[in-house]
Amino acid sequence: MSDVHLIRVVVNGEPREAAVEARRTLADVLRHDLGYTGTHVGCEHGICGACTVLVDGAPTRACLMFGVQADDCEIETVEGLADGDELNALQEAFSAHHGLQCGFCTPGFLMLATALLRENPSPSDAEIRDAMASNLCRCTGYQGILEAVRAAADGR
Amino acid sequence: MSADGASPDGRAHGAGADDGRWVGRSIRAVEHRRHLTGTGAFVDDLQRPGLRHLAFVRSPHPAARIADIDTDEARATPGVEAVLTAHDLGDTAPLIPALARDDFVPVEMPLLARDRVRHAGEPVAMVVAATPHAAEDGAERVRVTYEEETAVASLEAALADDAPAVHDEAPGNVLLDARHADDDVEPDFEGAAAVVEATFRTGRVTAVPMEGRACLAEWDRREDRAILYTSTQVPHIVRTAVAGILKLPERRLRVIAPDVGGGFGQKCVVAREEALTLIAARAVGRPVKWVEDRQENLTAGFQGHDQRYDVRAAFDEQGRLLAIDADIVCDVGAYSNHPFTCGVEPLMAAAELFNAYRGSRYRARGRAVATHRPPMAPYRGVSRPQIVLVVERLLQKAARELDLDPVEIRRRNLIPDDAFPYATPSGLTIDPGSYREALDRCAAALGYEALRERQRAEREAGRLMGIGFACFAERTGYGSQVFSQRKMTMTPGYETAWVRMDPSAGVTVAIGTSGHGQQHRTTLAQIAADELGLDPGRIEVIQGDTDATPYGWGTFASRSTVVGGGSTKLAAIRLAERLKRIGAHMLEAAPEDLELRGGRVVVRGAPGHEVALEDVARLAHLEVHRLPEDIEPGLDAHASFDPPGTFSNATHGAVVRLDPETGAVTIERYVVVEDCGVMINPAVVEGQVRGGVAQGIAAALYEEVVHADDGQPQTTNLMDYLVPTAREIPAVEIEHLETPSAFSETGAKGMGEGGTMGAPACIATAVADAVAHLGIEIDALPITPEWLLQALEAARPAQRGAA
């Protein structure tokens, strides 16, 4: 097919290449071309945030960005959070505060919170709520998620 | 809430509790790790060599005749391998509802529409292609010629005298017309101190699981079997139904529910697309995947809660509820779902209308009305969000009429502690609960008296603030008898557990419930752990695979902890008995002197006299020559459980503020006092409560599936269908009461739907309380800012006139 483009990305520190059709989204590329299926697709129109990944450090809806636009970018996904078998502090906090149930939205919230805490390591409760209101969760009622981000920020 | 540490491998659960019991502890869920690390496997995460992709052609018209389908251009689309219409489906069967009642009209749901379409979004054709994009390209090029017909897109339109029929079999569009109780209520109304009459309306909502529906079907040529991976709550029901549709022997179909991204009832019924994905795989001889997109989920997925109640209620001078006369109509859309049918909403509503309140006489008519809208599924709560709204608002209105405090009138009417088992006017029996205590505690937690003081001050300052409550009984864990009384032709009630110990003394529980966010792998392991004296980290729970689990009904209707937990406990007890028999042989002791504790069989009161379960398990499997002749090899136990059902209860209380400039409702506080009997895992219970409350608040204030008068869907994306975020959903304060159930083996009661049942009424009564002095009644949901602003505007002259 004529509109296939070769892109180079770094995913969780690992250089990757993919030949992608122009119409494939970054979510398609990550999930189906590169095998990072931890990034989920919940609405494909930028509302639910389940596909949130970090592109050059910025939280990004992977469903609203074409794969070709990510050429030469550094991507971070949920698969890069843990250190081997060791969950990081944010993942630990999500588990301790039962901030997930079905788990489908969880990777998006984790990446969103990762970006928040890097930019603002000591957010207020209101700032956490504001930031987490970017994504949708249908199971938890959000409280466990907010408590988890609070706990991770506080180093608890 | 406490949470215990997990070991690095995420499997163990930390040290045992002081009493050695695991039930009742908020241990970490074993399900967490996979989702936190991105290693879960939802249907769309599954890959297969040679995988093909499926896209549906869906009707853009709510009501039309299909004159012609031209697939030539679609077939010529690059990447497209097959285009199938109803004419290509051979002798497959349609989906049929499983209800046998004289007052019910069964209508078939075709897999693909053949001659008529009955709702926008109905599948008409399907396209299989090499990529998802190519499948969608092909679907766009299927040319369907429709002859449009007049749609009936609301209850009112469908019940009009000259309404077109959605189905020829039901000329008046009524698919079910049930008289639940037919008492002579008139004497109560004649002698009543107050009669409240009102019409209540709740908007159509939809579950919006974050993962939409999805299937991957493949044929295992080596075994000559089909495998259907599907995002379902009910894999065994899907297998029975899909095998029936394709006329396959059931043993030749394996259904697997991998990780499932929420269901909330939308996935507890069989979808046409599940059968069609398998048909597509058979047609092209390749694995085929279909992943619903959000627009399909919002426009073609199962919906619910679209109901109207015309109600009269009679009260005596003390505010005691005497009688209810209710005419209930439910817009069930174009088809019945399988297996629960479109009767589930009106039948549930009519059976439980008094809910947690006493009364003497009852008359109810419940109708399921067909419209040219998507069919309903038993969405979380199933009519209880509506009946709780109805009863709470009736009490609130009566309190105002009789000049009683709204909490006091509730207290007078709630089932008192000495009335159990309590027989309701509609013929149910409610087992012991803590109805009045829950209300009293909720009012105390809110600081009710002080709030009333504050409300007076706020009103004087021109501010709108209201206090609301909802008290309810939640019927859960009901077995096959309840479904048979409903006259279902299949009765999804019991559950069977297989509990097996392997030669290394690890345990596997296999069960037909099918968790999808309820942490059953954790809670069922806690239940088994207590019977086996084992750490739950040594117990695997297998669900969601018809090859690996006993026939069972899945997860819906707040049944899994009661029914699945009960059968797990019974099977674990049987396994424990077996372990004790073998242990007795090894220890030369009597089985009745033994107990299982800390991974050992120990002689009670004889320290050190014990044998490790590893040694027992090894003997039972690997050295059976050392077993006595009357003990069979192996360590397997099975048990089934089919309970009558048990009612949990709760009171929700809320404080809301209204912004008269924007019409926005802000929830200042939200308190839940709930009683689900013995809690297996409090963190899981609280997660269910909070998530349920969020969905109930959503239905009260934000969400509504809107179709235009001509039947066209208006809420086709998440910018129009407003799922609330962390900004809208408040912190939910929770207090627990614990009235153990005598009808569940564990003492637990189900509680998966309560949050959704209580919140709409709680918010509605709070908003009604905020505007009661303005003469505004809140009898319809959702309470949108636009509606509130209009109501406030309309109330202004009256207010001036009164002043």
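Axes are lines fitted to C-alpha atoms, for helices over the stretch in contact, and angles run from 0 to 180 degrees between N-to-C directions. This is a predicted model: local features need pLDDT of at least 70, side-chain atom pairs count only at pLDDT 80 or more, and totals for chains, interfaces and linings use all residues. Residues are numbered from 1 along each chain as its sequence is written, while chains are lettered from A and ligands numbered from 1 in the order in which they are written.

**View 1. Helices α16 and α17 of chain B cross at roughly 95°.** Helix α16 spans residues 560–587 and helix α17 residues 613–622; helices (H or I, at least four residues) and strands (E, at least two) are DSSP runs, numbered from the N terminus. Their axes come within 10 Å. Leu579(B), Ile582(B), Gly583(B) and Met586(B) in α16(B) meet Leu613(B), Val616(B), Leu619(B) and Ala620(B) in α17(B) (contact: C-beta atoms, placed from the backbone, within 7 Å).

**View 2. An open sheet in chain B has four strands.** The order is β20-β28-β29-β30, with mixed pairing (two strands pair if DSSP finds at least two bridges between them). At the edges are β20 (464–476) and β30 (733–737) of chain B, each pairing on one side only. From one strand to the next, the twist averages 15°.

**View 3. Strands β28 and β29 of chain B run antiparallel.** Val655(B) stands opposite Arg669(B) in β29(B).

Methods: Two residues are in contact if their C-beta atoms, placed from the backbone, lie within 7 Å.
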